[in-house]
Amino acid sequence: QVQLVESGGDSVQAGGSLRLSCAASISRYTYGSYSMGWFRRAPGKEREGVAAILPGGRATYYPDSVKDRFTISRDNAKNTLYLQMNSLKPEDTAMYYCAASTEWVGSGALAPQKYNFWGQGTQVTVSS
């Protein structure tokens, strides 16, 4: 069983930055083989993918809404996933979730249904 714990959520002003972290309680030999993603759900909206990274760490995916503002990275030695968020906007306000997939996600890396393990979420609030 994979357990994911997010941290780093906070309330910030528009234009500010935050760094989210996600610690995974699995063997580091296994963690490196998982595809990982960050998702968010704003009130009244569906969950959407905001960043994903494949096992090798070189392939990353972002939707246009966060491209050039968000950066996903992973430290396989620490079993930790990160999301650096810059130039935050009020529309980035949401609960942010970390997810892991044991399946090949490929070009569908931002699709929530590709992931089978989820964290509890961390709240990000951006005020104007």
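A: **The disulfide and its surroundings**

The model is a predicted one, and the count of disulfides in it comes to 1. A disulfide is a covalent bond between the sulfur atoms of two cysteines. Here the two partners are Cys22 and Cys98, with a distance of 2.0 Å from S to S. The angle about the S-S bond is -70°, and the link of Cys22 and Cys98 is left-handed. Cys22 belongs to strand 3 (residues 18-24) and Cys98 to strand 9 (residues 94-101), so the bond ties together parts that lie 76 residues apart in sequence.

Are these cysteines buried or exposed? Cys22 has a relative accessible area of 0% and is buried. Cys98 is also at 0% relative accessibility and counts as buried.

The largest nonpolar core has 31 residues, and Trp38 and Leu83 touch the most other members. At least two residues of this core come from each of strand 3, strand 4 (35-41), strand 5 (48-53), strand 7 (70-75), strand 8 (80-85), strand 9 and strand 11 (122-127). Strand 3 and strand 9, which hold the two cysteines, are thus both on that list of suppliers. Another core, of 7 residues, lies apart from the largest one, and Ala52, Ala99, Ala109 and Tyr115 are among its members.

Tyr115 also takes part in ring pairing. A pair of aromatic rings is described by the distance of the centres and the angle of the planes. The model has 3 aromatic pairs. In one of them, the ring centres of Phe39 and Tyr115 are 5.0 Å apart and the planes stand at 70°, so this pair is edge-to-face. Phe39 is in strand 4, while Tyr115 is in the loop between strand 9 and strand 10 (117-118), so this pair, too, ties together parts 76 residues apart in sequence. Phe39 is buried at a relative accessible area of 0%, and Tyr115 is buried at 6%. Together with Trp118, Phe39 and Tyr115 form one aromatic cluster.

Finally, two arginines sit over rings. The charged end of Arg47 is placed over the ring of Tyr97, 4.4 Å from its centre.

Note on methods: Residues are numbered from 1 along each chain as its sequence is written. This is a predicted model: local features need pLDDT of at least 70, side-chain atom pairs count only at pLDDT 80 or more; totals for chains, interfaces and linings use all residues. Side-chain values use heavy atoms; hydrogens and water are left out. A disulfide is a pair of cysteine sulfur atoms within 2.5 Å. Helices (H or I, at least four residues) and strands (E, at least two) are DSSP runs, numbered from the N terminus. Buried means under 20% relative accessible area, exposed over 50%, partly exposed in between (1.4 Å probe, protein chains only). A nonpolar core is a set of buried Ala, Val, Leu, Ile, Met, Phe, Trp, Tyr and Cys residues joined through side-chain atoms within 4.5 Å. Rings of Phe, Tyr and Trp (its six-membered ring) pair if their centres lie within 6.5 Å; planes under 30 degrees apart count as stacked, over 60 as edge-to-face and the rest as tilted. A charge sits over a ring if NZ of Lys or CZ of Arg is within 6 Å of the ring centre and within 35 degrees of the ring normal.
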